[in-house]
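Please look over the sequence and the model before reading on, and keep both at hand while the text leads you from one part to the next.

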Amino acid sequence: MTSIFENMKAMMCLTMAMALWASAFIALKIALEEVPPFLLIFSRLALGSLFFLMLWKYKGQAKIEKKDYVYLLIMGALEPCLYFIFETMALQYTTASQAGVVFAFLPIFIIAFGFFALREKPSISQCLGGVIATLGVILLCLTGTKSEAAIAPVKGNLLELLAMACAAVYTVMLKRLSGHYSPFLLAALQSFIGTVFFLPFAIYESDIPREVSVHVLLAVLYLGTIVTAGAYTFFNIGISKVSASEGGMYFNLIPIFTLLFSVLILNENVDWTQMMSMMLVIFGVSIGLINHRFFLTRLRRKTLIIRE
């Protein structure tokens, strides 16, 4: 009973994290209209850090072992530091919906890094889904068309792909550390590291706006509190209860949520080539969720029945 409850908790937390991260593409696209990239990233992380500091007395206190300092710093450098740089730059060149589809390629990276770092052997269905999703991402990167919202889609999609590589290594490291530290503490440390890292970049940026519109301000507040604090906390809780490859496969929900939000909020248009590549990625990653053990068990039972 406890196992079922834990699985349901992990499923709900991971799904919620995916929905919040998908909405972040929309909020980033809105905020970048008036706020320069590095100031936006710093503001987002500073707000998230403020949220964690408010709750630190209740949930954040823990002793960190010296041997883990390097791993925590590397994890923070990968995400949010390098990840946010690549993602924010990507959204200056491509649409939120296309970036969301490239995000779906993340499970493939996680499966690969999880195999080498954690010795998590991927299933046949995960490998097959990975190949199909790879073809979909390549198609999306090559067929992206210029528009007012996507001035250089190929460049933007490739930058998003680099962000995914950083996120994959981060996820594998997070899985290794989640057995020793609470999800809240890990999410808070990420936010603190990112705030310190991006502070000089935000100060150096010359085109700081003197005023911003209400909808942009709300987008920044949403990114800093709901997404930065909420999504990472939900994801850290979920990934602590499943394998890295299993948790990574939930990222196939990102393009679905992002496409829905992009059409409803940003009124983005999706042409048929982009739709084909999106469906190919979603189909490929969905195949990776199939439990191959179930089918092997059924096959063995049928074989035994035939023999009898």
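**Helices that cross, and a cavity**

The helices α7 and α9 are oblique to each other, and they are called so because of the angle between their axes. In this predicted model, α7 and α9 pack at an angle of about 60°, and their axes lie 10 Å apart. Two packed helices are described in just this way, by the angle between their axes and by the distance between the axes. The crossing in which α7 passes α9 is right-handed. On the side of α7 the contact is made by Tyr-170, Thr-171, Leu-174 and Lys-175, while α9 brings Tyr-232, Phe-235, Asn-236 and Ile-239 to it. Sorted by class, the residues of this contact of α7 with α9 are 5 nonpolar, 2 polar and 1 charged.

Helix α7 also packs against α5, which covers residues 106–118, and here the two axes come within 8 Å and cross at roughly 40°. That angle makes α5 oblique to α7. The way in which α5 passes α7 is again described as a right-handed crossing. From α5, the residues Leu-106, Phe-109, Ile-110, Phe-113, Gly-114, Ala-117 and Leu-118 take part, and they meet a set of residues in α7 that includes Leu-161, Met-164, Ala-168, Val-172 and Arg-176. The residues of the contact of α5 with α7 divide into 13 nonpolar, 2 polar and 2 charged.

The next pair is formed by α8, residues 183–204, and α9, residues 214–239, whose axes come within 8 Å and cross at roughly 140°. With that angle, α8 and α9 are therefore oblique to each other, and α8 passes α9 in a right-handed crossing. Pro-183, Leu-186, Ala-187, Gln-190 and Ser-191 in α8 are the residues that meet Thr-228, Tyr-232, Thr-233, Asn-236 and Ile-237 in α9. What classes of residue does the contact of α8 with α9 have? There are 5 nonpolar and 5 polar residues in it, and no charged ones.

A search of the whole structure finds 1 cavity of 30 Å³ or more, and the largest cavity holds about 50 Å³ of space. Its lining is made up of Trp-21, Glu-79, Tyr-83, Phe-103, Leu-106, Ala-167, Tyr-170, Thr-171, Phe-235 and Phe-251. Which elements give two or more residues to the lining of the largest cavity? They are α3, residues 69–90, and α7, residues 153–177, and α7 gives the most, with 3 residues. By class, the lining of the largest cavity has 8 nonpolar residues, together with 1 polar and 1 charged residue.

Tyr-170 and Thr-171 of α7 and Phe-235 of α9 belong to the contact of α7 with α9, and Leu-106 in α5 and Ala-167 in α7 belong to the contact of α5 with α7.

Most peptide bonds are trans, but a cis peptide bond joins Glu-79 and Pro-80, with an omega of about 25°. Pro-80 is found in helix α3.

How values were computed. Residues numbered from 1 in each chain as written. Predicted model: local features only at pLDDT ≥ 70, side-chain atom pairs only at ≥ 80, totals over all residues. Heavy atoms only, no water. 1 Å grid on protein atoms, 1.4 Å probe; cavity = no way out; pocket = protein on both sides within 12 Å on 5 of 7 lines; lining within 4 Å. Points joined across faces, edges and corners; volume = space filled by probe spheres on them. Helix = DSSP H or I, 4+ residues; strand = E, 2+ residues; numbered from the N terminus. Nonpolar A, V, L, I, M, F, W, Y, C, P; charged D, E, K, R; others polar. Axes fitted to C-alpha atoms, helices over the stretch in contact; angles between N-to-C directions. Parallel < 35°, antiparallel > 145°, perpendicular 65-115°, else oblique. Left-handed = near helix turned anticlockwise from the far one by under 90°. Contact = heavy atoms within 4.5 Å.
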